[in-house]
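Subject: Structure handover

Hello,

Here is the structure you are taking over. Please open it alongside this note. My findings follow below.

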Amino acid sequence: MKPAAFDYVRADSVEAACALLAEHGDEARILAGGQSLMAVLNMRLAQPALLIDISRSASLARIEVRDGQLEVGASATQAALEWRPTLTQELPLLPLVFPHISHVQIRNRGTVCGSVAHADPSAELPLCLLALKGSVVLRRHQGQRVLPAEQFFTGMLSTARAGDELLQAVRFPLARPGQGFGFREFSRRHGDFAVCAVAAVADAQSLRVAVGGVADRPQVREWPLLDGSALDDALNEFAWALDARDDTQISAAARRHLVRRLGRQAVEQARTPV
Amino acid sequence: MTHPTLSRTQLHPVTIELNGRTRQGHSAPRMLLSDYLRHELGLTGTHVGCEHGVCGACTVRLDGVACRSCLTLAVQADGRRVDTVEGLAGEDGVLSELQAAFKRHHALQCGFCTTGILMSSADWLERLRAQGRRPTEQEVRDMLSGHLCRCTGYTPIVSALMEVAHA
């Protein structure tokens, strides 16, 4: 349980990190909070030649409101977002979700962008980014691009990020008046990865439901107003479309059941006036 | 400011402010902070359990914030403050408020998980105190979910923490 040898360099600015990525590409890995990466390295599931440590960059740790979105920089920790005094007004979904994200001690160091870049299909923050129609800012040595979350997650632990790109920030659109939010999760132990997690966003016109832990990446559906059995039917269709598989934790049928049940509960929570 | 690349084949000086005293040792880039504390500096109060962040035994405070020393590299701690269980009691050996409460409530048996729990709890209680908040039992249990204890069943640990938090 010790990592294989690697070179290490600290990068305190976006320019320095991107220059190193341009030089080393896929041989290098960005180290932010390290709460996924260090475990992966300790188990030798990855053996990069170089770690580029951005965890001490003050400029990348910013969390700020810009153009109606909350932008969270690459080295901002989950705890920094969780303890942000205005978070409940800005992104009411997230205070519902944070208690489910691992443990206090992990959130203290784990980053928001790191969780998104790692793209574990059971992770909560990628799910929230998708549910809230968020986007990612990908920066390379020369130039940057902004991708919607829907295009960023491409499969199990896979994203549209190129080897020389840094996930510089993620952007969550701020909550609008009239929107309601719901979240439900089932896991084997408190703080474990979700067997199934559902986030719901409801307003007067539509309903948006995202599911994590079932398919190879978080998936989302948007429907016009649905109620009663029409909602049950839509959730059932969604559950089957996720192509759930049996695994050591739970059967595919149980996962579909969770999508239907937790889906219903999350939607009801999202429709309950605060 | 640009930083030099630290080669994997060499040892690099790492200086930390450990429990209020400056300590220096050497580390290869791949060395974990937990191993640096135990093997390089000889402080074995920080325990190593799972080495992938799950058990919580290795929790220390890095610049005041509780985190897993098994998921942190020693070179990442260079120039920073690290607090471990050895720093909790006073110079005279008098237990801290938290440690004394653990003793009173029998909140430990084998003690393997205890050092990590103490470091987590110290940070967490300080942060709540700064906000003028007193945690509920559910919140205490929530924080403790980041630590595995196979002896106590957690009940006496919760009691000790509730007593300190509501003192």
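How many helices and strands does chain B have? Chain B has 5 helices and 5 strands. Before the rest, one caution: this is a predicted model.

Chain B overall

Read from the N terminus, the elements of chain B follow the order β-β-α-β-β-β-α-α-α-α. Along the principal axes, the C-alpha atoms of chain B fill a box of roughly 50 × 30 × 30 Å. Of the 167 residues in chain B, 43% are buried. I also looked at contacts in chain B with a separation of 6 or more. Residues 24 or more positions apart account for 57% of them.

Where chain B meets chain A

The contact draws 30 residues from chain B and 28 residues from chain A. Which elements of chain B each supply at least two residues to that side? They are strand S4 (65–68), helix H3 (114–130) and helix H4 (137–144). S4(B) gives the most, with 4 residues. By type, the chain B side that touches chain A splits into 12 nonpolar, 13 polar and 5 charged residues.

A sheet in chain A

Chain A holds an open sheet of 4 strands. The strand order is S11-S12-S13-S14, and the pairing is antiparallel. Which strands of chain A sit at the edges? Strand S11 (180–186) and strand S14 (219–224) do, and each pairs on one side only. From one strand to the next, the twist averages 15 degrees.

Now the S13 and S14 pair. Strand S13 of chain A covers residues 206–212. S13 pairs with S14(A) in the antiparallel sense, over 6 bridges. Across this pairing, A:Arg208 stands opposite A:Glu222, which lies in S14(A).

What packs on the sheet? Helix H11 of chain A does, spanning residues 252–271. H11 touches S11, strand S12 (196–202) and S13 of chain A. The direction of H11 makes about 30 degrees with that of S12(A).

To start, I would look at two places. One is the chain B side of the contact, where S4(B) gives the most residues. The other is the chain A sheet, with H11 packed on it.

Best regards

Methods: Residues are numbered from 1 along each chain as its sequence is written. Chains are lettered from A and ligands numbered from 1 in the order in which they are written. This is a predicted model: local features need pLDDT of at least 70, side-chain atom pairs count only at pLDDT 80 or more; totals for chains, interfaces and linings use all residues. Two strands pair if DSSP finds at least two bridges between them. Axes are lines fitted to C-alpha atoms, for helices over the stretch in contact, and angles run from 0 to 180 degrees between N-to-C directions. Two residues are in contact if their C-beta atoms, placed from the backbone, lie within 7 Å. A residue is buried if 20 or more other C-beta atoms lie within 10 Å of its own, exposed if 12 or fewer, and partly exposed in between; C-beta atoms are placed from the backbone. Ala, Val, Leu, Ile, Met, Phe, Trp, Tyr, Cys and Pro count as nonpolar, Asp, Glu, Lys and Arg as charged, and the others, Gly among them, as polar.
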